[in-house]
Amino acid sequence: MTVKFGIGNKRLRESTLIWFLLFPSLAVFLLYRILPLAWNGVLSLQFWSMYKPPRFAGLYHYKELFLYDDVFRQSLWNTLLFMVGSPIGIALGLMIALLVNRPIFGRNIYRTIIFMSFPVMTVATGVIWLWLFSEKTGLINYFLMYIGLIDHSQPFLEDFNLALPSIVLVSIWQVVGLYMIIILTGLQNIPPSIYQAAKIDGANSWQQFWLITFPLLRPSIFLCLIIGIINSFNAFDLVYVMTGGGPGHATELLITYIYKTAFTLARFDYAAAITVINFSLFLALTWLVNRMSGGNAGAVETN
Amino acid sequence: MRRHSLWATHLLLSTTCLVMLVPFYWLLKTSLTGENLFSYPPALLPDNPHIFYYVDAWYSIPFVRYLLNSVVVSAIVIVANIIFNAMAGYALTMDFKGKRVVILLLLSCMMVPYQATVVPAYLLTKELGLLNSHLGMALPLMSTIVCIFMFKASFAAVPRSLIDSARIDGVPEWQIIFRIMLPLSQSAIATNVVLAFTWSWNSFLWPLIILRDDNMQTLPLGLANFLSVVEDTSGALYAFCIMVLIPGLVIFLLAQKQFIQGLTTGATKG
Amino acid sequence: MLHSALYTLFCNRFAITFGVFLIITAGWNTIVSFNDDGIIKGRVVAADGKPVGGATVTLLNKELLVTVLGSRAMTNEQGQFTFTHHNSHHIWLQAAKDGMGETPRVEFRMYFKGQNLNIETPLSFAENDTKGQ
Amino acid sequence: MPFRASAAFTVIAALISTLLALSGCSNESEPVQNKIVVLTFNMPHYKDGFSRWVAEFHKLHPDIEVEQIDRKGSNWGAFYHTQVISGTAPDIIDTQGGAWLQYASQGGLLDLTPFLEKDAEFTANFYPELLQSWIYEGQNYGIPLYFTKTLLFYNKLMFQEAGITSPPNSFDQLMEYAYKMTKGEKSGFMTLNFDWLYWSLFAMNGIDLVTPDLRHAAFNTPKAIALIERLAKATKDGAISNISWTGRWVEPNSMFAAGQIGMLQAHSTALLWMLSNTSWINENTIGFAQMPGNWSTPNAHALHISADSKYPQAAWDFIKIATSGEGAYSLGISLNNLTGDRFVNEKILDYFSQTKPIVVPLLRTQQEHLNTLVGNWPLANDAEIKEALYPELQSALLNHKSAADALSRAEKKVNHILSRDDRTAQSQSSVSGGQ
C-alpha cells in the first residue's frame, strides 16, 4: 500500500515529513544500539585496558575465541538450545489460545490467570523457581515423588543435563501468556465465513486447523518468534539469579558469558568480540526466520 | 460443543492455571510463615502465618520511594513508546528512498544484546548529562522495534478512503496520525503498553549502572540489594518479593480489560 | 452533564481502588500515631512465681542482620519494669540478676516501630537455666 | 494542503518538555566542589557508622565532601568498571578477596607503601602477615578493613551421636569422621567454594596452584588426581554433600543451620547468618576449630586508593579513620567481624564477651595461624584463573568427568592465561614504556 505524492517541493516536503517522523526512534536506536555496536566492533580488534591506552590486536581475540575457548563453544551451544525453547513455548501458547478461543464459561478468567505471569519481575521469578527446583525441599521434587514418577529427589539446578531444561521451562512459564495473547489476536482476525465454507466442503476440525487456521496464523507466530529471540536476552536475569552459569558452564548463555567476561573479569575487548559474534548469529537467525515467513517483518496481515 | 470436549477443555485449562498459580501461592505462603526452607517435607498449608516479615521488609528498604521511581520511569517509557513508535510506524507505511535500508537497520538493532551496550551507552548518557535521572533511565527503552512493525501493520490496514477524505478536508498530517489512525489501532497500542511496561518495570542492569544515590533507585534494584544484603531465605525476602509484585499485578488486573480487549479486537474491526 | 462527567471520573475502577487504598493507609496511620510512644511494660518472676526486684532487663533490637544492644531497665519490688521511647519493631528481652542467672531470651515482634506493649507472660527464671543464646 | 510543520513541531516539543518536567530533571549537574567518592562493598546497613567516619574525616578536611556508593558483590564490578572507563573512578574502593589484583597489575591503584612508611605507628597496628595479602610486585596496595578466614564449624550433637570427641587433625581423620556421621538425609562434611575457600583441602595434601615463580600451573600432579578422586567418591557416597560444590552461600549455610551437616568449612560470617536464622545454635551445640594443618583461606576486605584520585592524602586520612581506632571498632561490632587492627580486635572481643558470648571462641580462631594463609597468590588475573579452574574441578567432583581429564584441561587453560599475560605484558611495557 504506497501513497504516491506529486512533484517538486511536495516530494521534498513529504520526505522531510517522513524523516521527521522517523527521527525520534532512529535517534534512540542510533544512540543505544548502533553506536555501542560500533564501539564493541572497534574494541574487539584491540588489546584494551581500563587504565592504559589501547593497542591494535587484529583478530587475536577471535582466534582465541574459536581455538582456545571451549566455554564459548558451550555457551554458543546452550544459547541455540535455549532458542529451541521458544518454538515449544509458541506451540503451548497456540494450544492454550485454541482452547481459550472456544465460547466456554469463564474464559476471561482463564485468559487473565495465564497471562498474569508475564508482567512479573524476572528477578522475583528467579527467586521463586530457585526454591521450587531445590533438591532437598523443592515442591517439584515432592510432587514428582508423590505421584511416583521418580524415586529419589533430583538436583534439577545442580545436574549437568537438567539445569538448562529447567531454565528453559521457567522462561516458557513466563512468556507463554504473551504468546497466547498474540496468537489469540491472530485467531480472532480470521473471519468466521472461511470456517463455514470449509464445513460445507466437509473438512473435519483437523483439516480446518491445517488448511485455514495455521497458515493464517503465520504472521502472529513470526511475531512470537521475534519476541522469543528478544526474550532470550531477558533470560540473563533468570540464569543470573537461579544458577549464575550453572554447574560448570552447563547453563552459561552467550549473554551471561559476555556479562561475566566484561564485568567480573574486566576483559572488555574479549567481551566485545563475543558480542560481535552474538550479534551476527542472531542477525542471521532473524533474516532466516524473516525469509521463511514470507518476507514481511512482523506484519500482522489481515487482507 | 460436544459434552466430553467441554469437560476436556475445562480440565486442561484449569491444570494450566494451576501450574501458573502455584509459584505465586508458594511465594505468598513462604512470606507468611517464612519457615527455614530446608525442613522436609514442604508443608503445603501455611502454619501460624503472620505478617511480621512484611514489617521487616518495610523498614529495611524505602519501598514507597522505589515504587515512585519505578512508576515515573515506566510512565515516561510508555508515553514515549506510543508516540515514537506510532510516528515511525506511520512513516514506514509511506514509500521513500531509504525505506529498505531503514527496515534492515531496525531488524538488526533488535539483535544487539543490551548487556553489551551498557558501557558505551553510559558514556553517551554522561555526555547528555542525564546520569542519575529518571529520563536517563527511560531513554534506552523509549522505542521498541517490534512495536514499530505492529503499528506499521495496523496503519497499513486502515482503509485508504478514510485517509484520502481526511486529506481532502485539509486535516494536517499529524492530526491524521493522532486523531484518526491511532484510535483505530487499539491492538498495537495495547501490546506496546504491555511490552513497554514490562521491560521498563523489570530493567535491572541499566539503572544499576547509571544511578549513584539511593533515593533514585527502582524496585528491581531494591530487590537485588535486598537479596545481596540479607542473602537468606527468611520470610522478609519473600515478603519484599510480594510487595514488589503487587503494584504490577494491581495495575495489570485493573487495566486488563482494556489490554486484552484492545489486543483481541484486532486491526480490522476498527 | 457535569454529574455524568464526575460520575465517570470517580466511579471507574481505578479511582475506587486508589480511594480505598488511601482510606486504609490514613486509618492505619491514625492507629499508629495513637500508640507508638514506645512504652513496654512487663514483669519478672522467679521460678516459683514470686516477683523479683532489682533485676536488670536488657532490650536487644533485632535489625535485619545483627542484634544490637538497645537499652536496660531495672525492676521495682513488684518485679515490674518499663522501657520508654524504644524505637524498634523486633526485640528480644532478657532479665538477669546476679545470683539467679539469666532468663531465656524472649522474642517480641510488633506491627510498627515503637509500638506500646504490655507483656502478660512474665519473664521467669526457669529451673534448668539454659545458658547462652 | 498546507502542511503546518510548526503546529506539529510545537505539539512534539510540548510533549518532550512535559517528559523533562515529569522527570523533575533531578540530575543536578555535578557541582564542581571538591569531593572524594567511596565505593563500598555490600554495606548498605552501616549508614550511621559511615556518617560517623565522615564526621571524623571533616575534622581533618572540613572542605572536602564524602559521597558513599554501595553496591552488591557481583554488581560491584559492573559499576566500578563503568566508572573507571568514563574517567570518574571512585577515590576509595573496597574490594573482596583477589579482585584488586587485576586493577593493581594494570596500574589502576595507588601504591600505598610511602604512606605506610610515613605513618609507622599506624602501620604497626596491623597483623604483618595479613598486610602481605595486598602486596603485588613489592608494593602494598591495600589496607585491611575487616577480615575473616576459613575455619571448621562442627555440629557437637552429631559428633556425640557418632562417638567423636575432638575435631579432626588430619585429612584422613576428616574423611573418616565425615563417613561416620553420614546417614539418611545427613552428610558428614561440606565446604563453601567461592573465592578459593575450599583450597585448604588441597594445601593440607601438599598441592599448590602455581609454581613459586607464578609462571606455570602446578596442580596437575598424581597426588592431586588421587585427592579429587577421593573427594568425588565421598560426594557420591553422600559423606560430602554435593551442595559443597554447587551451592554459593544460602544453600550451604541453610543445610548446616538445619542440623543436617556434621562439619562445615566456611569463614566466620557464616555464623552471623546462621544465628539470624535458627535458635538452636549455642556453645553446647556448635564448635569451632582450625582445619587440619591449620591451613585457611582469607576472605578479607581492603580499602584502596585509585591511581588518578585528586585527593590522595585526604583519601589516605579517610582510610586511616575507617581501618583503625574508633571507626574500625564500630564497623567490627556491627558486622561481627575482626578488623585488621590488633588492638581494636581486643576491644571487639571484650564487647562480644558481654553481649554475644558465642562469637568470642569463633573470632579467636580468626586471629591464630596467620602464617599458614593460602588462596591469596599475587596473580595479575586471579579472577580469570578461578573461572578457568573451578568449573573443571566442579565437574570432576560431581562425577561428571574423570579427575585426570579435568585437571589436564584446567592446566592447559591456566597455563594459557599465565602465558598470555607474559606476551601482552612484555609487548605492552615495551610499547608504552614507563606508564
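Select Leu152(D) in the predicted model: its bridge partner in strand β10 of chain D is Ala289(D). Strands here are DSSP runs of E of at least two residues, and helices are runs of H or I of at least four, numbered from the N terminus. Residues are numbered from 1 along each chain as its sequence is written, and chains are lettered from A in the order in which they are written. As this is a predicted model, local features need pLDDT of at least 70 and side-chain atom pairs pLDDT 80 or more, while totals for chains, interfaces and linings use all residues.

His267(D) in β9(D) is the bridge partner of Thr150(D).

Now show β7(D), residues 150-155, where six of six residues are buried (20 or more other C-beta atoms within 10 Å of the residue's own; exposed means 12 or fewer, partly exposed in between; C-beta atoms are placed from the backbone). In a regular strand, side chains alternate between the two faces of the sheet. Thr150(D), Leu152(D) and Tyr154(D) are on one side, with Leu151(D), Phe153(D) and Asn155(D) on the other, and all are buried.

Move to chain C. Its domain assignment, from an automatic or database source, gives domain 1 (2-34) and domain 2 (40-124). Their centres, taken over C-alpha atoms, are separated by 41 Å.

Finally, select chains B and C: eleven residues of chain C are in contact with ten of chain B (C-beta atoms, placed from the backbone, within 7 Å). Helix α2(C), residues 13-34, supplies the largest share of chain C's side, three residues.

Definitions and conventions. Two strands pair if DSSP finds at least two bridges between them. Two residues are in contact if their C-beta atoms, placed from the backbone, lie within 7 Å.
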